[in-house]
Amino acid sequence: MRVKVLLFGQLKDIVGLAEESLELDSGTKLSVVMAHYANKYPKFEGLSKSIACAINQEYAPGATVLREGDEVGLLPPVSGGRR
Amino acid sequence: MTRGSAEVKTLRSEHCAIVREPIDLRDIKEDLQHPEDGAAILFEGVVRNNTRGRRTLYLDYEAYESMALNEMEKLAQAALEHFKVRDVCLVHRLGRLEIGETSVVIGVGSAHRAAAFEACRWLIDSLKKTVPIWKKEYFENGAVWADGEPFPQEITRTE
């Protein structure tokens, strides 16, 4: 199955892409997508404890099983608002 | 899907908006006005000229736009449920913002001021923790993504 991954903030800079499509085995959990980037990019791994994930625009825990066509968002700590 | 594309100007939900133009405070105030209210609060988040003493040139805000609007609307609904306020509104601006410009506005209309202040404070504090918006700070000798606030534990849980 294919899922679309969206990367934001510094994660986008680390991976060098804002968006990519991943081919995964059916039944793959969200945490496997995180591990994929953490294995590939040491800087990503360094941040991984502070990263939140979303599936189809809703926060989701790592144990969530992905489905064909899901949109996965990988989100570094947010910094909107004042300042 | 809406990413930071230039052609997407404004996203709106019942109580919230994400905009790329300067935020019009008068519009927000007019929308918020109601004869039953004894208190109207408009909080403005403004671009500051420094971070820990380092001179900031400008900021660039980006968002996971569709999700950010959903999360802002959830906060608006929660505030209406938990505080004795009549109406709230949340507006966030994206893109390049200069020093002194307004990046976010929280508006609250309520019969009494105590609830309005509480709701306003809760809304801006919550927005900064859960709404997927990020800012890059540009300095004279480089740019960095601002350190965000850690996500609440229930959001980053792995199980």
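Q: Quick one before we start: what is pLDDT?
A: It's the predictor's confidence in each residue, running from 0 to 100. You'll need it here, as this is a predicted model.

Q: OK, so where does pLDDT stay under 50 in chain B?
A: Over residues 1–5 of chain B. The model has 10 contacts beyond four places in sequence for that stretch.

Q: How should I treat coordinates where pLDDT is low?
A: Don't read them in detail.

Q: And what's the mean pLDDT of chain B?
A: The mean is 92, and 93% of the residues in chain B reach 70 or more.

Q: What ipTM does the complex get?
A: The predictor gives an ipTM of 0.94, along with a pTM of 0.93.

Q: Switching to the inside. How many residues are in the largest nonpolar core?
A: That core has 56 residues. Those with the most contacts inside it are Ala68(B), Met72(B), Val88(B), Leu90(B), Ala119(B) and Leu123(B).

Q: Which helix gives the most to it?
A: Helix α2 of chain B, residues 65–82, which supplies seven residues.

Q: Pick Leu123(B). What is it in contact with, leaving aside neighbours within four places in sequence?
A: Leu123(B) touches Leu75(B), Ala79(B), Val88(B), Leu90(B) and Ile106(B).

Q: Now chain A. How many helices and strands?
A: Three helices and five strands. Along the sequence, the pattern reads β-α-β-α-α-β-β-β.

Q: What does the radius of gyration of chain A agree with?
A: With a compact globule: 83 residues packed that way would have a radius of gyration near 12 Å, and chain A has 12 Å. The C-alpha atoms fill a box of roughly 40 × 25 × 20 Å along the principal axes.

Q: How much of chain A is buried?
A: Buried residues are 34% of the 83.

Q: And what share of its contacts join residues at least 24 apart?
A: Counting contacts in chain A between residues at least 6 apart in sequence, 55%.

Q: Is β5(A) mostly covered or mostly open?
A: Mostly covered, with four of its five residues buried.

Q: Which way does β5(A) run against β1 and β3 of chain A?
A: β1(A), residues 2–7, runs parallel to β5(A), with four bridges joining them. β3(A), residues 52–55, runs antiparallel to β5(A), residues 71–75, and four bridges join that pair too.

Q: What sits opposite Val72(A) in those pairings?
A: Val72(A) is the bridge partner of Val5(A), and Ile55(A) stands opposite Val72(A) as well.

Q: Where else does Ile55(A) bridge?
A: To Glu58(A) in β4(A). Strand β4(A), residues 58–59, runs antiparallel to β3(A), and two bridges join them.

Q: What's in the turn of that hairpin?
A: There are two residues between β3(A) and β4(A), and Asn56(A) in the turn has a positive phi of about 50 degrees.

Notes:
Residues numbered from 1 in each chain as written. Chains lettered and ligands numbered in written order. Predicted model: local features only at pLDDT ≥ 70, side-chain atom pairs only at ≥ 80, totals over all residues. Core = buried A, V, L, I, M, F, W, Y, C linked by C-beta atoms within 7 Å. Buried ≥ 20, exposed ≤ 12 C-beta atoms within 10 Å, placed from the backbone. Contact = placed C-beta atoms within 7 Å. Pairing = 2+ DSSP bridges. Rg over C-alpha atoms; globule rule 2.2 N^0.38 Å.
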